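This report looks at the ligand site and the nonpolar cores of a single model. The sequence and structure come first.

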Amino acid sequence: MPAPPWPAYSGRMPSLSKHVCILGAGIAGLATAYTLQRQGHQVTLLDRAAPGQGASGGNGAQLSYSYVQPLADPGLWRQLPHLLLAADSPLKLRPRLDPRQWRWALEFLAACNARTSRDTTAQLLALAAESRAGFEAMRADLRPDCDFSARGKLVLYASAAALAAAERQLALQQALGSAPQRIVKPDECARIEPALDACRARIAGAVYTPSECAADCLKVCEALARALEQRGARLLCNTEALGLEVRGGRVVAVRTAQGALAADCFVLALGSGSARLARPLGVRVPVYPLKGYSLTLELGAQAAAGPQVSVTDSARKVVFARIGSRLRVAGMAEIVGHENDIPPARMATLRQATQAVFPQLAGAAELQHWTGMRPATPTGRPLLGRLPGAPEGLLFNTGHGALGFTLAFGSAERLVRMI
Ligand SMILES: Cc1cc2nc3c(=O)[nH]c(=O)nc-3n(C[C@H](O)[C@H](O)[C@H](O)COP(=O)(O)OP(=O)(O)OC[C@H]3O[C@@H](n4cnc5c(N)ncnc54)[C@H](O)[C@@H]3O)c2cc1C
């Protein structure tokens, strides 16, 4: 086999440190690489594209540490007919001749019960709290230019019934130790975020979490990649992982078109591509792509009229986050496989949602139309560590669904402890 084009490591590693190869340079892989490097391990990170070009690139930008309600919620059964049939539904299922899609959808429906939803909420809240600490430590270390803000979040509810359900979720989250949150009436909502003044007549109320944050996930990814390289990690972009080589029950190398790359340990963080790479090893990774979209507006002269507080329109399932002079508008969940087209109708839906919540922003320039695949497990809980049937030397850090940015640094900490 010809020698691979990447340089070999030089120098000696401390005896307890390992050479870890991380597959996938999205926020999950980059946070893992960063945390490993801080612990003295040598890191190689590979991605078929540049850092942050998967789901992390144009996501909703919300660091939602305290409002972690899983998508698999018992309330979904009531909404299901509308969600599946309405033309403007934020959820779409396009049935395919793919047993994996059906299995995932059935497991998702099975997870839509009160007990699973409660357990998931508890687990996600604990992980989110660790993640907040990890993200803050990273910010103190790297001082990334990522349009970070900590101005809180308002989740808007259109009806009294929806607000009452939110109040129950809030009580559960508070009992589980989330940061302070409270229900606010429409007038208070508009006092907290004056940009919501025009829509206050159409909402029943909101959940306000003063401590929530926002940031540009792509800029975080790029800052992490730069720091990793400067501190001696190997970053192999445009390098697709084609398969894993197993010898004696242990993963010893990853195959790429440029050659095989050996390491002591491998972390699979390929987002919605994770299941595909693990399948030939006989390992089932219950991750399916949940396609979403985002629209980025440049507020320019309208900057003062735009929101500073993050906002979620729960009825439309659309999130708004301020990142610098831009407004990120994101939403929709489609179970349609790996199709990555951007139908104009989906951008029109995001435009209409913006118009409904922030009519004063009509005419803001559209900077970017984007689609990405949330790597979703049926319950909404990420897969961290060994999976049943997986060979030695292979750990997973994937399946963060709609909260991958929020949960990235806590997941990385937990994974590194396993290594
Ligand atoms: C519309 C939308 C809005 C969202 N909003 C939020 C939000 O507000 N807050 C939040 O916390 N989360 C949000 N999320 C979720 C979050 O973006 C994801 O959970 C997170 O980005 C997943 O990160 P990841 O690193 O696991 O996957 P990715 O970012 O997809 O990274 C996986 C990487 O693996 C690479 N890859 C795949 N296959 C291969 C291969 N064979 N070889 C080499 N490389 C490969 C890809 O190129 C990619 O770079 C949102 C997601 C979407 C789609």
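The model is a predicted one. In it, 31 residues surround the ligand, and the closest are Asp 47, Ser 56, Gln 62, Gly 401 and Thr 406. By type, the shell divides into 13 nonpolar, 14 polar and four charged residues.

The ligand taken alone exposes 1000 Å², of which the protein buries 95%. Two or more shell residues come from each of helix 1, strand 14 (288-298), strand 18 (365-376) and helix 10. Strand 18 gives the most, with four residues.

Gly 26 sits in the loop between strand 1 and helix 1. Apart from neighbours within four places in sequence, Gly 26 contacts Asp 47, Ser 56 and Cys 221.

Ile 27 also belongs to the largest nonpolar core, which has 46 residues; Ile 27, Phe 135, Leu 224 and Phe 409 have the most contacts inside it. Elements giving two or more residues to this core include helix 1 (27-38), helix 4 (114-142), helix 7 (217-230) and helix 10 (404-418). Beyond four places in sequence, Ile 27 touches, among others, Ser 56, Cys 221, Leu 224, Gly 404 and Phe 409. A second, separate core has 29 residues, including Leu 154, Tyr 293, Val 311 and Met 347.

How values were computed:
Residues numbered from 1 in each chain as written. Predicted model: local features only at pLDDT ≥ 70, side-chain atom pairs only at ≥ 80, totals over all residues. Heavy atoms only, no water. Core = buried A, V, L, I, M, F, W, Y, C linked by side-chain atoms within 4.5 Å. Buried < 20%, exposed > 50% of the residue type's maximum accessible area, 1.4 Å probe, protein only. Contact = heavy atoms within 4.5 Å. Near = heavy atom within 4 Å. Areas by Shrake-Rupley, 256 points an atom, 1.4 Å probe, with all protein chains shown as cover. Nonpolar A, V, L, I, M, F, W, Y, C, P; charged D, E, K, R; others polar.
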